[in-house]
Amino acid sequence: MTIKSLTKLATTILSSNIGEIKLPYRLTFSLTNRCQAHCKMCNIWKKQVKDELTLDEIELFFSKTGHFSWINLTGGELFQRTDIAEVLQTTIEHNQNLHLLNFPTNGINTDLIVKTVKTILNRNKIPRLIVSVSMDAPPELHDSIRGYAGCWKQAMETFRELRKLKSKRFSVYLGHTIQSANIGMFDNTVAVCNKAIGNITPNDFHINLAHESGHYYDNTTNAIIPEIAKAAEEIKRIALLRKQNRFEPVSFIESRYHQRIMEYAKHGRVSLTCQAANSSCFITPQGLVYPCTLFNAPIASLRDYDMDFNRLWNLQTRKNIRTDIKKNLCPGCWTPCEAYQTLLANLF
């Protein structure tokens, strides 16, 4: 399965370097708006929780569209869904070419998170599973940012337990989102995490830059975006602290992401054609398909097409949105959710 899925992913990525591809290989799928945390940089937790896709609908969707090689499941907090283990299982079972499954967690529900990850690894032979546990600052500030007392402590406990499961198939990182509230706090964050559980280095962190989105984060009034030039310098500095391994895929793509950050800071976008609505897309908990997490240009609802993604993807609406993106008529961003597949489509 590893060789087959990797070959499929590599072939599709190479095809995206030549031109448009028939179907996206990467999916970002938000499973729920529910979340125990009340994060300052995100208003997902304020959204009404209604009409979320059921397990049966998700299974129907993937049974008709099981072609994805890379799936990023997100929320809200995934582990607020009581059927999360079943959702993960059906995601893996129906995507025969799935090479990489990744998802973030706030780490609050340690026992459930660890138990679910163990179950998924034991039941399946998925080549790569990556989990990121949110970690934005030292304890007091992290809890303040996340709006949940004790969040830092639980996140560290979750990371500690998940780290025991690390293997060639499974990796866990601490997700650090640079925003106005924590700019310049990375070194202190690493130090306090290392003091708490030991053996923590900058390489244990996945770095992200806070972005605004009306249809996903619903945070356009939160004032969470740091001074971009300052944030870019911070990310560039952090990159130099990390030990790079050009032969390890995650390290390779993160390195390329860091290299472009100054260009984004200066121009508000990079000089590469974004792959949204081509190599990737975003689906809301209610099944509405968007080109990405930031461009508020809905394509259509899966429910209106009997959960048949292939039919929906061939709509003229999607093609028109793709044309707009190629003309740089989208907001412009440099979030890993969208940047990684754009970098992979420009390998040469």
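Select Asn-310 to begin: this residue sits in helix α11, residues 309–313. Helices here are DSSP runs of H or I with at least four residues, strands are E runs of at least two, and both are numbered from the N terminus. The model is predicted, so local features need pLDDT of at least 70 and side-chain atom pairs count only at pLDDT 80 or more, while totals for chains, interfaces and linings use all residues. Residues are numbered from 1 along each chain as its sequence is written, and side-chain values use heavy atoms, with hydrogens and water left out.

Stay on Asn-310. Is this residue buried or exposed, or partly exposed? Asn-310 counts as partly exposed, at 29% relative accessibility. Buried means under 20% relative accessible area, exposed means over 50%, and partly exposed lies in between (1.4 Å probe, protein chains only).

Now show the contacts of Asn-310. Leaving out residues up to four places away in sequence, Asn-310 touches Leu-23, Lys-64, Thr-65 and His-67. Contact means heavy atoms within 4.5 Å. Then draw a line from Asn-310 to Glu-161. The two are 149 residues apart in sequence, and their C-alpha atoms are 39 Å apart in space.

**Next stop: His-94**

Select His-94, in helix α3, residues 84–94. His-94 has a relative accessible area of 24%, so it is partly exposed. Beyond residues up to four places away in sequence, His-94 touches Glu-59, Phe-62, Ser-63 and Gly-66. Zoom in on Glu-59. Its side chain makes a polar contact with the side chain of His-94, at 3.5 Å. A polar contact is a pair of N or O atoms within 3.5 Å; within protein, one must be able to donate a hydrogen and the other to accept it, and residues adjacent in sequence count only if both atoms are side-chain atoms.

**Next stop: the nonpolar core**

Which residues have the most contacts inside the largest nonpolar core? Select Phe-29 and Phe-61. This core has 92 residues. A nonpolar core is a set of buried Ala, Val, Leu, Ile, Met, Phe, Trp, Tyr and Cys residues joined through side-chain atoms within 4.5 Å. Phe-61 touches Leu-27, Phe-29, Phe-68, Ile-283, Leu-302, Met-307 and Phe-309, not counting residues up to four places away in sequence. Apart from this core lies another, of 15 residues, including Ala-37, Cys-42, Ala-137 and Cys-151.

**Next stop: Ser-279**

Select Ser-279, in the loop between α10 (261–267) and β7 (280–283). Ser-279 is buried, because its relative accessible area is 0%. Its side chain makes a polar contact with the side chain of Gln-275, at 2.5 Å. With residues up to four places away in sequence not counted, Ser-279 touches Ser-16, Ile-21, Pro-24, Tyr-25, Arg-26 and Gln-341.

**Last stop: the cavity**

How many cavities of 30 Å³ or more does the structure hold? The structure holds 1. On a 1 Å grid over the protein atoms alone, a cavity is a set of points where a 1.4 Å probe fits but cannot get out; lining residues have an atom within 4 Å of a point. The largest cavity has a volume of about 180 Å³. Select Arg-269, Cys-274, Cys-330, Gly-332 and Cys-333: of the 18 lining residues, these are the closest to its centre. Volume is the space filled by probe spheres set on the points, which are joined across faces, edges and corners. Finish with helix α13, residues 336–344, which gives the largest share of the lining of the largest cavity, 3 residues.

Technical notes
On a 1 Å grid over the protein atoms alone, a cavity is a set of points where a 1.4 Å probe fits but cannot get out, and a pocket is an open set with protein on both sides within 12 Å along at least five of seven lines; lining residues have an atom within 4 Å of a point.
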